[in-house]
Amino acid sequence: MQNINLSSMLTESRNLNSEQIDNCSTLEILKIINNEDKKVALAVEQELSNIAQAVDVVSHALLNQGRLVYIGAGTSGRLGILDASECPPTYGTPPELVIGLIAGGQQAIFHAVENAEDNPQLAERDLTKINLSANDVLVGIAASGRTPYVLGAMHFAKSLGCKVVSLCCNPKAPMLELADIAITPIVGAEVITGSSRMKAGTAQKLVLNMLTTASMIKIGKVYGNLMVDVEATNAKLIERQISIVMQATDCDRQTATLALQQSNRHCKTAILMILANLSFTQAKKVLSENCGFIRRALKDHGL
């Protein structure tokens, strides 16, 4: 069994503000949790320059046949999987573009898998299965910053020439030494000692939101603040597509609906058809020539 020094980890320290939480009323308990949660966004703010570096690396990879790969254990792994799974419906990306891996595999998404996070060799096996390459970016996620599975993943990724990003909440963590870019929001002790699904998990979620959202903006998946590559996979999203085209072009519903029908329900193409007065074939060609960026395509037509 590993000898782990919990006292050296800030995420395992005891929070003085919640030492008597079991004696509090329900409202008092919630106020303590809420007051601690208020500190999370400020901790993330301190890491914006590092997050920006990571976004630039990720967006460059996505534009050059690379992928974004999240890897973690427990809550950290689940958060990576959650963020990755939201990219295809929101931004129309292929499922293999942003990947989330968790120690213990699919079973671990719902149930803890004994000792999986303590095995660094499992990470190499999991990354080999997805054919990790130097074109990809690996983001290791672990609140503690010392999870062996994640450290093993980072070692293996570096051996392949991958760019490696760490996301943890402990200063001076082992993960920081392996990272090309270290994102380390210091959220302090948890309300319930060691329960890093709380503030640390919230900080990780905020950072992951930023990584994918900003990267998708930089690769042309957003026009204004509209998700113009959204896929219409249900009734709500069909309606959202119509709304997006109307907002992007200031057209009426009938015009938006017709353009979407003519463009095989592809928002970007429909928008360009309306704004540049192009046919479907013309709009599709111009978009392709401009790597899917609507603004570039409009500029091409003097708009």
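Predicted model: local features only at pLDDT ≥ 70, side-chain atom pairs only at ≥ 80, totals over all residues.

1. Residues are numbered from 1 along each chain as its sequence is written, and side-chain values use heavy atoms, with hydrogens and water left out.

2. Arginine 67 sits in the loop between helix 2 (48–62) and strand 1 (68–72), where helices (H or I, at least four residues) and strands (E, at least two) are DSSP runs numbered from the N terminus. With a relative accessibility of 16%, arginine 67 counts as buried; buried means under 20% relative accessible area, exposed over 50%, and partly exposed in between (1.4 Å probe, protein chains only).

3. A polar atom of the arginine 67 side chain lies 2.8 Å from the backbone oxygen of isoleucine 130. Leaving aside residues up to four places away in sequence, arginine 67 touches residues including Glu96, Ile130, Asn131, Asp136 and Val137, contact being heavy atoms within 4.5 Å.

4. Helix 9 (residues 235–249) has 15 residues and reaches 22 Å from its first C-alpha to its last, close to the 21 Å expected at 1.5 Å a residue, the expected span being 1.5 Å times one less than the number of residues. Which residues of helix 9 are buried? They are Leu237, Gln241, Ile242, Ile244, Val245, Ala248 and Thr249, and because they cover an arc of only 160° around the axis, they lie on the same side of helix 9; the arc is that of the directions from the helix axis to the C-beta atoms. Helix 10 (253–262) and helix 11 (267–276) are among the elements that cover these buried residues, whereas Ala235, Lys236 and Gln247 are exposed on the other side of helix 9.

5. As for the ends of helix 9, asparagine 234 caps the N-terminal one, with a side-chain oxygen 3.1 Å from the backbone nitrogen of lysine 236. Just after helix 9, aspartate 250 takes a positive phi of about 60°.

6. Most residues other than glycine have a negative phi. Cysteine 291, in the loop between helix 12 (280–289) and helix 13 (294–300), has a positive phi near 55° and counts as exposed at 55% relative accessibility.

Notes:
Polar contact = N/O pair within 3.5 Å; in protein donor to acceptor, adjacent residues only side chain to side chain.
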